[in-house]
Amino acid sequence: MSARAPKATRPAQRARVRTALAGLLLATTGAATLVACGGGDDGDGAASPRPTPTPPDTASFSGTAATALSSLEASARERASAAASSASARASEFEASVSAEIMRANQAAQRELEDVDGRGNATADVSLTGKPRAQTGGLLAVVVNITNRTDETASYAVQVDFRDSDGKVAETRFVGAEDLEPGEKAQPLAISRKPPEPRLTAEIAKAQRY
């Protein structure tokens with residue numbers, strides 16, 4: 001049977017064990033700290049800063065951006081052309097529903113106004129009224145109100161200009177009314193063939209009684 005250590009020495013042994021364990025724990029923690037802070041230091045114990053990303057040199061880029069811009073411009077022109085064609089087609093369909101007699105009067109009005117200087121002699125007999133786009137398939141159309149205010153039978157020729165936001169004439173249409181009795185009224189339509197956008201404004205450019 002082995003001899004047991006005297007009771008007086010046991011507290012001292014436990015103290016030495018605790019001291020050894022504390023030293024071992026401290027050494028392990030220090031090693032872990034060195035691993036975390038090391039790896040790339042400059043020898044003075046300080047961690048190296050992270051490298052800052054360098055932005056790309058845009059001067060060396062190819063013409064891809066310019067190509068994309070050109071493609072967008074071409075696409076916009078195609079959409080604008082398609083819108084204009086669609087508006088013109090709808091105008092033709094709308095006008096096709098108008099009687100042949102009215103179409104003939106409009107053509108006669110254009111011929112009559114070719115030799116008219118100024119605004120004509122009948123602007124006081126003519127006015128415009130807007131027509132809802134819901135009734136014209138989205139087209140800009142105005143009702144040309146013509147009233148024969150004389151005491152004799154008369155015919156009328158009217159030129160309607162459609163202007164853009166800068167005041168420039170974007171389109172011109174002609175309408176007419178023939179052989180109106182004194183006091184009689186006519187309401188032909190002036191229909192724009194332009195797309196709905198940009199919006200245009202209609203005005204009476206000429207009105208001639210003959």
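Tutor: The model is predicted, so local features need pLDDT of at least 70 and side-chain atom pairs count only at pLDDT 80 or more, while totals for chains, interfaces and linings use all residues. Residues are numbered from 1 along each chain as its sequence is written, and side-chain values use heavy atoms, with hydrogens and water left out.

Student: How many helices and strands does the protein chain have?

Tutor: Helices (H or I, at least four residues) and strands (E, at least two) are DSSP runs, numbered from the N terminus. The protein chain has 3 helices and 7 strands, in the order α-α-α-β-β-β-β-β-β-β from the N terminus on.

Student: What share of the 210 residues is buried?

Tutor: Buried means under 20% relative accessible area, exposed over 50%, and partly exposed in between (1.4 Å probe, protein chains only). In the protein chain, 24% of the 210 residues are buried.

Student: Which residues have the most contacts inside the largest nonpolar core?

Tutor: A nonpolar core is a set of buried Ala, Val, Leu, Ile, Met, Phe, Trp, Tyr and Cys residues joined through side-chain atoms within 4.5 Å. The largest one here has 19 residues, and those with the most contacts inside it are Val-126, Val-144, Ile-146, Val-158, Val-160 and Ala-190. At least two residues of this core come from each of β2 (141-147), β3 (154-163), β4 (169-180) and β7 (201-209). The most is given by β3, with 5 residues.

Student: What does Ile-146 touch?

Tutor: Contact means heavy atoms within 4.5 Å. Not counting residues up to four places away in sequence, Ile-146 touches residues including Val-126, Tyr-156, Val-158, Ala-177 and Pro-188. Val-143 also lies in strand β2 and is buried, with a relative accessible area of 14%. Leaving aside neighbours within four places in sequence, the contacts of Val-143 include Ser-127, Leu-128 and Leu-189.

Student: Which residues of α3 are buried?

Tutor: In α3 the buried residues are Ala-105, Asn-106, Ala-108, Ala-109 and Leu-113. Seen down the axis of α3, they fall within an arc of 165°, so they line one face of the helix; the arc is that of the directions from the helix axis to the C-beta atoms. These buried residues pack against β3, β4 and β7. The face turned away from the buried side of α3 carries the exposed residues Ala-100 and Arg-111.

Student: Where does Asn-106 make its contacts?

Tutor: Asn-106 is buried, with a relative accessible area of 13%. Leaving aside neighbours within four places in sequence, Asn-106 is in contact with Phe-174, Val-175 and Gly-176.

Student: How many salt bridges are there?

Tutor: A salt bridge is a side-chain nitrogen of Lys or Arg within 4 Å of a carboxyl oxygen of Asp or Glu. By this rule the count is 5. One of them joins the side chains of Glu-178 and Arg-104, at 2.4 Å from N to O. Glu-178 lies in strand β4 and Arg-104 in helix α3, so the pair ties together parts 74 residues apart in sequence.

Student: Which residue forms a salt bridge with Glu-203?

Tutor: Arg-163 does, with the closest N and O atoms 2.5 Å apart. This pair links Glu-203 in strand β7 to Arg-163 in strand β3, 40 residues apart. Glu-197 and Arg-199 also meet in a salt bridge (3.6 Å, N to O), and both are exposed. Asp-125, Arg-149 and Arg-209 are linked in a network of salt bridges.
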